[in-house]
Amino acid sequence: MSAIPNPIVNNVRTVSDTKRAFYNIHTRPINSIYRRIVEELMVEMHLLAVNVDFRYDPLYALGVVTSFDRFMQGYRPEQDKASIFEGLCQALQDDPYRYRADADRLRSMANSKSAQDLLAWFEQAAAAPMDDLQGAIHASVSNANYKYSRLGAVGLFTLLELVDPELVKDEAQREAALKQASTALKLPEDKVQKDLELYRGNLDKLAQAQAVMEDILKADRKKREQQANAANQATPSEAPKDEAPSGS
């Protein structure tokens with residue numbers, strides 16, 4: 001008798017399944033410079049989604065939203081960004097509005113806090129949550145098999161950046177705050193520091209690439225305008241007809 005296939009194993013979606021679903025949802029072409037960004041984020045989210053130890057929480061949502069918005073900054077046409085983000089989440093069988101809503105709630109929470117207030121909020125979330133936001137984070141980090149994610153670390157960094165932009169610019173203060181937050185939330189400090197260093201470096205590289213691209217586009221527009229002006233100036237006006245010689 002043949003073995004009965006394991007339905008759990010058979011139902012695990014592959015990266016190819018997710019990519020296919022995405023391009024069926026968002027059918028417009030994606031500019032080449034951004035296609036890699038979208039697909040790398042898609043693969044990262046997919047691998048987390050199929051990991052049995054991973055659990056969605058608001059910090060992860062904020063990391064996803066922030067990464068997408070920052071790396072897609074300057075995308076044209078602008079109106080396609082919403083469709084791309086929705087397709088990204090829906091391809092993973094998730095709700096894009098949940099991501100946006102949880103990210104907004106975390107930002108709103110942080111708006112009235114200092115850096116020290118925020119770090120205390122993290123400690124409270126890990127030890128004795130007082131609201132559903134803290135409760136969702138507590139449910140993740142208190143899991144014995146908690147699956148750390150780079151995107152969750154990006155969410156943490158985003159909140160620190162929001163409450164004190166100057167702190168995250170100072171290396172010593174930034175590292176001390178990340179160490180305190182990592183300890184509170186039981187995150188692997190070394191991975192957090194390395195992942196966020198890479199994240200910040202990639203943002204800088206993207207900003208440089210976007211500046212170069214903008215310069216190229218400006219130069220191209222200027223060249224086309226000059227060619228059009230030259231073509232207009234070169235168009236000959238109608239020459240006057242020669243007068244016929246008078247007869248004698």
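Select lysine 186 to begin, and you will find this residue of the predicted model in the loop between helix H11 (171–185) and helix H12 (189–234). Its phi is near 60 degrees, a positive value in a residue other than glycine, and lysine 186 is exposed, with a relative accessible area of 51%.

Now move to glutamine 93, which sits in the loop between H5 and helix H6 (96–111). Although glutamine 93 is not a glycine, it has a positive phi of about 60 degrees, and its relative accessible area of 61% makes it exposed.

Next, select arginine 76 together with proline 77, and look at the peptide bond that joins them, which is cis, with omega about 0 degrees. Proline 77 belongs to the loop between H4 and helix H5 (80–91).

From there, go to tyrosine 99, and ask which residues it touches, leaving out those up to four places away in sequence. They are Met45, Tyr56, Tyr60, Ala61, Val64, Val65, Phe85, Cys89 and Asp94. Tyr99 is also among the residues with the most contacts inside the largest nonpolar core, which has 64 residues.

Finally, select Asp57, Leu59, Tyr146, Gly152 and Leu187, which lie nearest the centre of the largest cavity among the 15 residues that line it. Helix H4 (58–71), helix H8 (132–141) and helix H9 (150–163) each give two or more residues to this lining. The lining residues divide into 10 nonpolar, 2 polar and 3 charged, and the space inside the cavity is about 100 Å³.

Key:
Residues are numbered from 1 along each chain as its sequence is written. This is a predicted model: local features need pLDDT of at least 70, side-chain atom pairs count only at pLDDT 80 or more; totals for chains, interfaces and linings use all residues. Side-chain values use heavy atoms; hydrogens and water are left out. On a 1 Å grid over the protein atoms alone, a cavity is a set of points where a 1.4 Å probe fits but cannot get out, and a pocket is an open set with protein on both sides within 12 Å along at least five of seven lines; lining residues have an atom within 4 Å of a point. Grid points are joined across faces, edges and corners, and a volume is the space filled by probe spheres set on the points. Helices (H or I, at least four residues) and strands (E, at least two) are DSSP runs, numbered from the N terminus. Ala, Val, Leu, Ile, Met, Phe, Trp, Tyr, Cys and Pro count as nonpolar, Asp, Glu, Lys and Arg as charged, and the others, Gly among them, as polar. A nonpolar core is a set of buried Ala, Val, Leu, Ile, Met, Phe, Trp, Tyr and Cys residues joined through side-chain atoms within 4.5 Å. Buried means under 20% relative accessible area, exposed over 50%, partly exposed in between (1.4 Å probe, protein chains only). Contact means heavy atoms within 4.5 Å.
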